[in-house]
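Please look over the model below before reading on. My notes follow as numbered points.

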Amino acid sequence: MKNVPVNLKAKKLNDMIIENDSRLENQNDLYDEEIGDNHIGDAYNTPMRPDAFDISDDEKIKKISVHFEQIMNILGLDLKDDSLKGTPKRVAKMYVKEIFRGLDPKEKPSIALFENKYQYKEMLVERDIILYSTCEHHFVPIIGKAHVAYIPNGKVIGLSKINRLVQYYAQRPQVQERLNNQIGEALKEALNTQHVAVVIEAQHLCVAVRGVKDVHSSTVTAFYSGKFKEENTRNEFLNFSKK
Ligand SMILES: [Zn+2]
């Protein structure tokens, strides 16, 4: 066998191992903390490996269980205990089938458009869409609400579809800015209109339970396109989205 450098070998998802990872020891520790605490780095697309779906969900669950068991073992937990022994499998299933399900493009909700029979040309607002996501820097929950608005371009969307689109992008490791942009762009495409606004207000548990332990702050991000870039349209929306 050819002498392949370790980092190249690790590029195959199937070969991934958690030992000998020099990232754990090098001096980038401080830099990594900084990125996490300030939530820097939000490319529009979720950074995915090209081979992300080369293995099945069931295989992913098996592999994650093995690695999560190692994490628990390293922490010194006794996996023979009845309460703990099922945890690795439960966590693995939850990751793949629930909280990170939106990584798989097959899960993207298909959106049917309806003719806008009433010739309704004003703004449509759906507010207080509950949102559960996961901070990609700390893997703890982000809990919040999204307020969405659009001005129809001949067609309208079923309101529950907006919720499903929000949930789809939330079910990934995320940073709030990217989540906000992904929902905005997806709505523009689905509705075939430029006039879309999305505001997200969310609490990041990584800020509440660790680091600065601030339980009161929340983060607000916004996406405005088309007419929502104009001040009066935007203000109309912001007034609607207030309680
Ligand atoms: Zn975080």
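1. Valine 166 touches Ile129, Leu131, Ala146 and Ile183, leaving aside residues up to four places away in sequence. Contact here requires C-beta atoms, placed from the backbone, within 7 Å. This is a predicted model: local features need pLDDT of at least 70, side-chain atom pairs count only at pLDDT 80 or more, and totals for chains, interfaces and linings use all residues. Numbering starts from 1 along each chain as its sequence is written.

2. The largest nonpolar core has 34 residues, and Val166, Ile183, Leu187 and Val198 have the most contacts inside it. At least two residues of this core come from each of β2 (124-135), β3 (141-150), α6 (159-170), α7 (176-191), β6 (196-204) and α8 (205-208). A nonpolar core is a set of buried Ala, Val, Leu, Ile, Met, Phe, Trp, Tyr and Cys residues joined through C-beta atoms within 7 Å. Buried means 20 or more other C-beta atoms within 10 Å of a residue's own, exposed means 12 or fewer, and partly exposed is in between; C-beta atoms are placed from the backbone. Helices (H or I, at least four residues) and strands (E, at least two) are DSSP runs, numbered from the N terminus.

3. α7 is mostly covered, with 12 of its 16 residues buried. Among them are Ile183 and Leu187, but also Arg178 and Gln182.

4. Asparagine 192 counts as exposed, with 11 C-beta neighbours inside 10 Å. Phenylalanine 139, in the loop between β2 and β3, also has a positive phi of about 55°. Phenylalanine 139 is exposed, with 12 other C-beta atoms within 10 Å.

5. β6 is mostly covered: seven of its nine residues are buried. It pairs antiparallel with β3 over nine bridges, where pairing needs at least two DSSP bridges. Glycine 144 has alanine 202 in β6 as its bridge partner. Six bridges join β6 to β7 (residues 219-224), again antiparallel. There, glutamate 201 is bridged to valine 220.

6. Confidence next. Mean pLDDT (the predictor's confidence in each residue, from 0 to 100) is 86, and 84% of residues reach 70 or more. Over residues 1-11 pLDDT is below 50, and this stretch has five contacts beyond near neighbours in sequence. Where pLDDT is low, the predicted coordinates should not be read in detail.

Key:
Contact = placed C-beta atoms within 7 Å.
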